[in-house]
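Colleague: I have some questions about side chains and packing in this model. Can you take me through them?

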Amino acid sequence: MPAKKPAKPAKKEEKKTVKKAAPAKKEAPKKEEKKEVAYRNYHVVKRSDGKWEVKYAGGEKAIKLFKTQAEATEYTKQMAKNQGGVMLVHNSKGANKGRIKSK
């Protein structure tokens with residue numbers, strides 16, 4: 001008698017995976033976006049030679065030199081207003097030496 005060939009195992013049905021579309025995200029109503037402002041800090045500082053200088057925060061060079069503090073602060077106020085910045089005045093004398101006044 002001829003030998004029976006072993007029966008081939010039935011092919012497993014391959015499961016087809018169907019990707020479902022992700023559910024649409026509901027967008028929250030947009031609130032008014034506030035514009036982030038990068039403030040520019042301008043410092044008014046008295047130099048050792050008696051002149052007042054206007055410097056950008058972290059800057060090494062003076063933007064402009066003045067003979068009086070009043071001239072320097074007036075110039076810096078206008079520049080800070082135009083550039084959306086802040087003016088900081090460093091005191092030169094007295095008990096508050098080295099302290100900063102923000103204007």
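Colleague: Which side chain does H43 join through a polar contact?
Modeller: This is a predicted model, where local features need pLDDT of at least 70, side-chain atom pairs count only at pLDDT 80 or more, and totals for chains, interfaces and linings use all residues. Residues are numbered from 1 along each chain as its sequence is written, and side-chain values use heavy atoms, with hydrogens and water left out. A polar contact is a pair of N or O atoms within 3.5 Å; within protein, one must be able to donate a hydrogen and the other to accept it, and residues adjacent in sequence count only if both atoms are side-chain atoms. At 2.8 Å, the partner of H43 is H90.

Colleague: Is H43 buried or exposed?
Modeller: Buried means under 20% relative accessible area, exposed over 50%, partly exposed in between (1.4 Å probe, protein chains only). H43 sits in strand 1, residues 41–46; strands (E, at least two residues) and helices (H or I, at least four) are DSSP runs, numbered from the N terminus. Contact means heavy atoms within 4.5 Å, and beyond four places in sequence H43 has contacts including V54, A57 and L88. Its relative accessible area is 16%, so H43 is buried.

Colleague: Within what arc do the buried residues of helix 1 fall?
Modeller: The buried residues of helix 1 are A72, T73, T76, M79 and A80. The arc is taken from the directions from the helix axis to the C-beta atoms. Seen down the axis, these residues line one face, because they fall within an arc of 130°.

Colleague: Which exposed residues are on the face turned away?
Modeller: Strand 1, strand 2 (52–56), strand 3 (62–66) and strand 4 (86–90) are among what covers the buried residues of helix 1. The face turned away from that buried side carries the exposed A70, E74, K81 and N82.

Colleague: How is the pair of Y42 and Y56 classed?
Modeller: The whole structure has two aromatic pairs. Rings of Phe, Tyr and Trp (its six-membered ring) pair if their centres lie within 6.5 Å; planes under 30 degrees apart count as stacked, over 60 as edge-to-face and the rest as tilted. Here the centres are 5.9 Å apart and the planes at 65°, so the pair is edge-to-face.

Colleague: And how are F66 and Y75 paired?
Modeller: F66 is buried at 11% relative accessibility, whereas Y75 is partly exposed at 28%. Their rings are 5.3 Å centre to centre, with 50° between the planes, and the pair is tilted.
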